[in-house]
Amino acid sequence: MKQAVFAILCLGMSGCALLEPRNPPFEAEPVAPSEDAVAEPQNPDDLIRPEARPDEEATAPELSVGTLGRTVASLGNAAEPGLWIKTPLVQSERPGRVFYPETGKSVAVTLLPIDGPVTAGSRLSLQAMQELGAPLTGLPEVDVLAG
């Protein structure tokens, strides 16, 4: 049932692009970085845990080394306890992390494989959704990270 609703939503949203007017691409002039620019973090943990830097504004990390991909996550079986994500982005069970850009939070989870193309959605445990601050009735987009 959830997959059918998800498929209908995806098809409906894909048609929205057809309604938007086509404008020529905007070409911005290149801007030189200022001396006040902050260097990119070198520690991968800094990329997946922006809450560790409260003095800086939390921003979504670019997909970095160790990132398996971005996926749309629905609420998994609420009766299954624990921190896990069932995703087609992995082929075998392994430890990992999930990052939710909207809140800037990440959580350590068990990555569990499910059948399907890597573009298919994933199912996230109730406890993981709560720790990420993701809406339980929504379809949040999360980054799945190895390790």
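L126 has its place in helix 3, in a predicted model where local features need pLDDT of at least 70, side-chain atom pairs count only at pLDDT 80 or more, and totals for chains, interfaces and linings use all residues. Residues are numbered from 1 along each chain as its sequence is written, and side-chain values use heavy atoms, with hydrogens and water left out. Helices (H or I, at least four residues) and strands (E, at least two) are DSSP runs, numbered from the N terminus.

**The chain**
- Three helices and six strands make up the elements of the chain, and from the N terminus on they run α-α-β-β-β-β-β-α-β.
- Of its 147 residues, 27% count as buried; buried means under 20% relative accessible area, exposed over 50%, and partly exposed in between (1.4 Å probe, protein chains only).
- Among the chain's contacts (heavy atoms within 4.5 Å) with a separation of 6 or more, 72% come from residues 24 or more positions apart.

**L126**
- L126 is partly exposed, since its relative accessible area is 24%.
- Leaving aside residues up to four places away in sequence, L126 touches L75, A78 and L136.
- The C-alpha atoms of L126 and L83 are separated by 7.9 Å, although these residues are 43 apart along the chain.

**S125**
- S125 is found in the loop between strand 5 (122–124) and helix 3 (126–132).
- The relative accessible area of S125 is 0%, so S125 is buried.
- Not counting residues up to four places away in sequence, S125 touches L75, G82, L83 and W84.
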